Amino acid sequence: MPASTGSLLSQQEAQDALDVHNKARKDVSVTSLSWSAELAAFAQAWADHLAKSGCNMKHRPASGTWAQQYGENIFWAQGRSLLATDASRSWYSEIDQYQYGPFDGTNKGVGHYTQMIWKTTQSVGIGKATCSNGAVIIVANYNPPGNTVGTKPY
């Protein structure tokens with residue numbers, strides 16, 4: 001883990017979230033992800049933007065100033081102190097609905113999980129922001145992105 005995570009996550013919180021991702025990847029025999037401070041800064045910028053503009057959970061747009069460049073998972077919750085591991089475990093929980101096969105773009109309900117385990121993805125970075133109402137938004141960015149239509153995740 002680099003000295004700076006690139007986001008508001010502490011080194012420990014970043015490592016713990018990375019460990020959840022890499023355990024999921026190990027379970028399907030794909031290589032571990034490395035932490036990217038650059039991706040974390042990108043994720044942090046989007047989390048901050050969402051927190052300041054209504055606290056709505058939405059993905060980056062395809063074009064414009066905030067254009068998406070990487071794979072992306074988003075998590076929103078409130079009611080208690082939340083960590084990047086909470087988001088990572090939530091994304092992982094989609095395994096319960098997952099059926100192995102090519103990603104077809106309609107894999108609703110499992111796209112966060114498949115992004116976590118996508119075999120060609122090499123790095124992840126995560127950012128976190130707190131909204132004025134106390135809700136927390138956690139964004140993860142992945143490079144290279146996964147969830148390629150017509151391709152199996154591993």
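Helix axes are lines fitted to C-alpha atoms over the stretch in contact, and angles run from 0 to 180 degrees between N-to-C directions. The model on display is predicted: local features need pLDDT of at least 70, side-chain atom pairs count only at pLDDT 80 or more, and totals for chains, interfaces and linings use all residues. Residues are numbered from 1 along each chain as its sequence is written, and side-chain values use heavy atoms, with hydrogens and water left out.

**Helix 1 and helix 3**

Select helix 1 (11-27) and helix 3 (84-92); helices (H or I, at least four residues) and strands (E, at least two) are DSSP runs, numbered from the N terminus. The axes of the two helices come within 8 Å and cross at roughly 20°. Helix 1 is therefore roughly parallel to helix 3, the term for angles under 35 degrees. Their crossing is right-handed, that is, the near helix is turned clockwise from the far one by less than a right angle.

Next, display the side chains at this contact (heavy atoms within 4.5 Å). Helix 1 supplies E13, D16, A17, V20, H21, A24 and D27, while helix 3 supplies A84, T85, S88, R89, W91 and Y92.

Keep helix 3 selected and colour A84, T85, D86, A87, S88 and W91, which are buried, meaning under 20% relative accessible area with a 1.4 Å probe, protein chains only. The buried residues of helix 3 pack against helix 1, strand 2, helix 4, strand 3 and strand 4.

**The nonpolar cores**

Of its 28 residues, W35, W91, V124 and I126 touch the most other members. Elements giving two or more residues to this core include strand 2 (71-77), helix 4 (111-117), strand 3 (123-130) and strand 4 (136-143). Helix 1 gives the most, with five residues.

Centre the view on V124; beyond four places away in sequence, its contacts include L18, H21, L33, W35, L39, A140 and Y142. A second, separate core has 12 residues, among them A47, L50, A51 and C131.

**Backbone features**

Move to S29, in the loop between helix 1 and strand 1 (34-35). S29 has a positive phi of about 60° although it is not a glycine, and it is exposed (over 50% relative accessible area), at 68%.

Finish in the segment after strand 4, at P144. The peptide bond from N143 to P144 is cis, with omega near -15°. N147 is also found in the segment after strand 4; its phi is near 55°, a positive value in a residue other than glycine.

Conventions. A nonpolar core is a set of buried Ala, Val, Leu, Ile, Met, Phe, Trp, Tyr and Cys residues joined through side-chain atoms within 4.5 Å. Angles under 35 degrees count as roughly parallel, over 145 as roughly antiparallel, 65 to 115 as roughly perpendicular and the rest as oblique.
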